[in-house]
Each structure stands twice: as C-alpha cells, then as structure tokens.
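Me: I would like to go through the labels attached to this model and see what each one rests on. Please set every value against its cut-off.

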Amino acid sequence: MRLEKPSQRQSRGGLRAVALFEASKGAIVVLTGLGFWVLLHGDLQFAGERIVERLHLNPAHRIPRIFTQALRAMSEAELRLLASGALCYAVLRFLEAYGLWREHRWATWLAALSGAIYVPLECYELSRGFGFLKLGSLLVNLFVVGYMSRVLWRTRNSSQEQR
C-alpha cells in the first residue's frame with residue numbers, strides 16, 4: 001500500500017533522502033562483501049597489513065592491530081559467512097531504499113524498526129565512552145526513527161479520514 005496523497009507530497013523529500021542514505025549503506029556493504037570474496041584465496045594477513053598501510057594507520061595502535069590479528073585468525077568458511085552476511089544486509093538495505101523511494105508504507109515501517117534496533121546498542125556504546133562517531137550514529141538513527149514514525153502517524157490519520 002502506498003502513502004496517501006496529502007502526506008505523500010509533504011513526505012516525499014524526506015523519504016527519498018532516507019532512501020538514498022539506506023542505498024549508500026547498502027553500497028558500502030556490497031563493496032565490503034566483495035572485498036571479503038576477493039580475499040578468499042589470498043593472504044589475509046598481508047591484505048590486512050596493506051589496508052592498514054593504505055589508510056595511513058599506525059599498525060602498532062590497538063584497532064589496526066586487532067584488525068590484522070582478526071584477519072590472520074579468520075578461516076575461509078568464516079570469510080564466506082561474512083561475505084554472505086554482507087550480501088544479505090545489502091539486499092535488505094536496497095529493498096528498504098526502493099520501497100522508500102516508491103513511498104511504500106511497508107518500507108516506512110522497515111526503516112523505523114531497523115533504525116530503532118540500533119538505538120539501544122548505540123546508547124550502550126556511548127555509555128562505554130564518548131565519541132563523535134558514536135554520537136553522530138545515534139543522532140542519525142534517532143532522526144530516521146522519529147521521521148519515519150511521523151510519516152507513519154500522518155499516513156495513518158489520513159487513511160482513517162478517507163474511510
């Protein structure tokens with residue numbers, strides 16, 4: 001079911017902005033998944049070291065060291081599982097983006113619920129230590145959940161008035 005006409009005009013720009021945001025998350029995850037597939041038959045430790053080097057990170061610091069150690073310990077089956085999980089996540093993001101772009105109510109629900117799932121985790125992460133990336137992620141998800149809830153509320157009211 002599509003959104004009703006009065007709210008549709010008001011919501012179109014916001015829905016499309018969120019759709020583009022979700023599609024970009026899907027694209028990033030697809031690229032990550034493809035990176036995992038490429039690494040399947042290569043030297044994972046060497047690849048990890050090259051990534052750290054290309055990003056101009058200090059390999060002695062905690063995060064780059066954890067990253068390269070994780071790649072070193074990863075089996076081919078685990079890498080396939082990660083690549084498959086990335087593909088599934090990307091498909092979900094692309095479906096959500098498509099539905100939002102086409103202004104389908106199911107996609108609005110999906111965006112609200114999928115954004116709300118992350119809020120408690122982001123609050124927990126912020127409680128463990130402040131970071132601007134953590135705060136920004138929480139604020140973006142709160143905005144998406146709030147905006148989608150508002151669109152759902154408006155379309156619910158307009159569909160009841162038409163009965």
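Me: What makes α2 and α3 roughly antiparallel or roughly parallel to each other?

Reply: This is a predicted model, in which local features need pLDDT of at least 70, side-chain atom pairs count only at pLDDT 80 or more, and totals for chains, interfaces and linings use all residues. Residues are numbered from 1 along each chain as its sequence is written, and side-chain values use heavy atoms, with hydrogens and water left out. The axes of α2 and helix α3 (residues 62-73) cross at roughly 160 degrees and come within 7 Å. Axes are lines fitted to C-alpha atoms, for helices over the stretch in contact, and angles run from 0 to 180 degrees between N-to-C directions. Angles under 35 degrees count as roughly parallel, over 145 as roughly antiparallel, 65 to 115 as roughly perpendicular and the rest as oblique. α2 and α3 are therefore roughly antiparallel.

Me: Which hand does the crossing of α2 and α3 have, and which residues meet there?

Reply: The crossing is right-handed. A crossing is left-handed if the near helix is turned anticlockwise from the far one by less than a right angle, and right-handed if clockwise. L44, Q45, G48, E49, I51 and V52 in α2 meet P64, F67, T68, L71 and R72 in α3, where contact means heavy atoms within 4.5 Å. These residues divide into six nonpolar, three polar and two charged. Ala, Val, Leu, Ile, Met, Phe, Trp, Tyr, Cys and Pro count as nonpolar, Asp, Glu, Lys and Arg as charged, and the others, Gly among them, as polar.

Me: Why is α4 called oblique to α5?

Reply: Helix α4 (residues 76-101) and helix α5 (residues 105-128) have axes that cross at roughly 135 degrees and come within 8 Å. That angle makes α4 oblique to α5. The crossing of α4 and α5 is left-handed. Among the residues of α4 that meet α5 are Y89, L92 and R93, and the α5 side includes W106, A107 and Y118.

Me: How do you know whether E103 is buried or exposed?

Reply: Buried means under 20% relative accessible area, exposed over 50%, and partly exposed in between (1.4 Å probe, protein chains only). E103 has a relative accessible area of 3%, so it is buried. E103 is found in the loop between α4 and α5. Most residues other than glycine have a negative phi. E103 has a positive phi of about 65 degrees although it is not a glycine.

Me: What makes Y98 and A116 partly exposed?

Reply: Y98, in helix α4, counts as partly exposed because its relative accessibility is 47%. A116 lies in helix α5 and is partly exposed at 33%. Y98 is 79 residues from A19 in sequence and 6.9 Å from A19 in space, C-alpha to C-alpha. A116 and N141 are 25 residues apart in sequence, with 7.1 Å between their C-alpha atoms.

Terms used
Helices (H or I, at least four residues) and strands (E, at least two) are DSSP runs, numbered from the N terminus.
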